[in-house]
Amino acid sequence: MLLTLRCLWPWLQPHRVVLLSGSLWILLSNLLLLSLPLLLRQAIAAIEQHDWNQVRFCAALMVLATLLGALSRVQSRLQILGCGRRVEVDLRRQLFGRLLDAPAPFFDRLGTGDLISRLTNDLTQVRMVAGFGLVSLINALVVYSLTLTAMLWLAPLLSLLALLPFVLLLWAVKRISRQVLHYSARTQEQLGGLSDRVDEAFNGQRSLRSAGFEPLVQRQFDAANAAYLADAEALARSRSLLVPLMSLVTPVGLLLVLFVGGRQVIAGSLQLGDLVAFNAFLVQLAMPTLMLGWILTLFQRAATAFERLDLVLQLPAVAAHPPAPPAPVPPCGAPAAEALGPRSGPTLRLQGLRFAYESQRTAVLGPLDLTIASGQCVALVGPVACGKTSLLRLLTGRYPLPPGMLFIDGRDIGSLDLEDYRRRLSVVLQEGQLFSGSLAQNLTFAAPATPAEQIDELVRQVCLDEDLARLPAGLASRVGEGGLTLSGGQRQRVALGRALLRRGDLWLLDDPFSHLDGATADRLWRQLRPQLAGCTVVLALSRVRLACQADWVICLEQGRVREQGTPATLQHSGGDFARRLRQEQLAEELGTNDASSLSRQGGEVVADGR
Ligand SMILES: Nc1ncnc2c1ncn2[C@@H]1O[C@H](COP(=O)(O)OP(=O)(O)OP(=O)(O)O)[C@@H](O)[C@H]1O
């Protein structure tokens, strides 16, 4: 419990005034409720003295105290539960911010579903503890301290007797709570794993269905679900012991009090009114004691939740940068590239660069020694998995690198303000990831104020004009989650248009034409090139023909440079680039889209099975 409070305190601190005021209302409501047994005691004494007026007076005061107590209880709940909600909002904001800025290896380690589970299930646990949990805890503390003081003042010996079952209870609770903590952690982990599976299945549902993998995925999901159920049942068993145990304590105490106190009243050493008041105090302890079991499990689950959230909260804090200014919008009608003046992309220098993913032992890149000059357009080509994407990822600065390996304009990438650096980037990924919203919103993501004429121009530049005419609502068409309703090629072109409006001067393009037919890819690249004048461009390509329009070509193999040069030199060098180019040309002549279906025999390129 202390651990949870320690984790919670930094989040509660900004709301401490509301919290204090809520606690004062709790104190007031309990003081009013505490007056009830004392008034009852007075009323019984008045009955014994046949003083009916005094009885009526006490009854009226009891009604008043109950009403005021209820009102102050409502007030305390409103304030502290509101505080819980505010803590939840603050935490969610921080978590989201840290995730947005998290380095890429973090996402390699954790699945999306697991992260979503942390931001939903675990956050809910924290909200529960910061709201209801805190109200109940403060209430229990206040009730215990006030009521016990009153009981000790009224009848010290009886109090000790009545408290005897509580000592046994504490011992039992300690044992049970260890189990609760253990199973809480396991169920929360399992829930994260289940969310991961759901996320994967939904994201990949089209491939799953077309490959007929549903039964297999269902079986895997059932197994994970069954494991979760087993732990959840074990958790429920442990928790179910707590409440009955708590509910036994007060009746046992009452029995002891009745047995010993009753004899004292008969012997004349205790007033009847004192015994009745004492019992009323003991009854007042029943509810907080019952709640104590629930509070304990709540705090334990929150401790696990905090541990899971900490993984995200421990990520480096996002620097308090001013919000990025929206991309400048050229005057209407002016071609985007010229209207805003020339751009000068950075010079990139790779010096003995080596890189391995955390999950792999061997390096996927390096050693690489390369210089890409400012304003140069460099094509990266090579067989699948040769490291093209990995190199582009490193250039985005998302993967931390040891110093001395990658320099941007002569400065080590580690010493740059990454926020500033990323503002220079226009990145297009292989799959052209889009955001939910309309096509126009996706195109103008970086510059929402772009005028309509400018958007139309952009649509032409990325060869989307014909597609647009076929879409039901044109630019206003919704693209669905991640661009679900668009084809792969359409997604790639929207992503390119979005990058154009961002106006970065370092372009990192990961095979952005892979889903396009040869003619469209050629036309698009021809139209794009002038727009990128002055920018440094690194373009990974699976279709090598497009590399002929680059300034420089780098052929990678297993993470190293196999050959490099101008396209013209490489075309005539008889090396890997020339061979790939010939394969591709032959595939086109034969009407095959896939150049990999062609193999090399004795220096000649032949088509498989032809
Ligand atoms: N996030 C990752 N975690 C671990 N290994 C990875 C990760 N991404 C890529 N790899 C590995 O790095 C190697 C290079 O992959 P990369 O995606 O850079 O190749 P590529 O040349 O872009 O391939 P393709 O042409 O198929 O897109 C591969 O062996 C791949 O398994």
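**Entry 1: aspartate 231.** I began with a side-chain pair: aspartate 231 and glutamine 190 make a polar contact through their side chains, at 2.4 Å. By polar contact I mean a pair of N or O atoms within 3.5 Å; within protein, one must be able to donate a hydrogen and the other to accept it, and residues adjacent in sequence count only if both atoms are side-chain atoms. Before going on, I noted that this is a predicted model, where local features need pLDDT of at least 70, side-chain atom pairs count only at pLDDT 80 or more, and totals for chains, interfaces and linings use all residues. Residues are numbered from 1 along each chain as its sequence is written, and side-chain values use heavy atoms, with hydrogens and water left out.

I placed aspartate 231 in helix H8, residues 214–267. Helices (H or I, at least four residues) and strands (E, at least two) are DSSP runs, numbered from the N terminus. Is aspartate 231 buried or exposed? It counts as buried, because its relative accessibility is 6%. The cut-offs are under 20% relative accessible area for buried and over 50% for exposed, with partly exposed in between (1.4 Å probe, protein chains only). I then listed what aspartate 231 touches, leaving out residues up to four places away in sequence: Tyr183, Arg186, Thr187 and Gln190. Contact here means heavy atoms within 4.5 Å.

**Entry 2: asparagine 139.** I found asparagine 139 in helix H5, residues 112–154. Asparagine 139 is buried, at 10% relative accessibility. Its side chain has a polar contact of 2.9 Å with the side chain of asparagine 30. Neighbours within four places in sequence aside, asparagine 139 is in contact with Ile26, Asn30, Arg73 and Arg77.

**Entry 3: serine 436.** I looked for a loop residue next. Serine 436 sits in the loop between strand E6 (425–428) and helix H13 (439–443). It counts as exposed, with 57% relative accessibility. Not counting residues up to four places away in sequence, serine 436 touches Gly480 and Glu481.

**Entry 4: the ligand.** Which residues come nearest to the ligand? Of the 15 around it, they are Ala385, Lys388, Thr389, Ser390 and Arg393. A residue counts as near if one of its heavy atoms lies within 4 Å. Helix H11 (residues 388–396) gives the largest share of the shell, four residues. By class I noted six nonpolar, six polar and three charged residues.

I then read the polar distances. A polar backbone atom of alanine 385 is 2.9 Å from an oxygen atom of the ligand. An N or O atom in the side chain of arginine 393 is 3.0 Å from a ligand nitrogen atom. For aspartate 108, a polar side-chain atom lies 3.4 Å from a nitrogen atom of the ligand. On its own the ligand has 630 Å² of accessible area, and the protein covers 71% of that.

**Entry 5: cysteines.** How many disulfides does the structure hold? I found zero; the cut-off is a pair of cysteine sulfur atoms within 2.5 Å. Cysteine 463 is buried, at 2% relative accessibility. For cysteine 548, the closest cysteine sulfur is in cysteine 555, 11 Å away and too far for a bond. Cysteine 548 is partly exposed, at 28% relative accessible area.

Definitions and conventions: Accessible areas come from the Shrake-Rupley method with a 1.4 Å probe; for residues, only the protein chains shown count as cover. Ala, Val, Leu, Ile, Met, Phe, Trp, Tyr, Cys and Pro count as nonpolar, Asp, Glu, Lys and Arg as charged, and the others, Gly among them, as polar.
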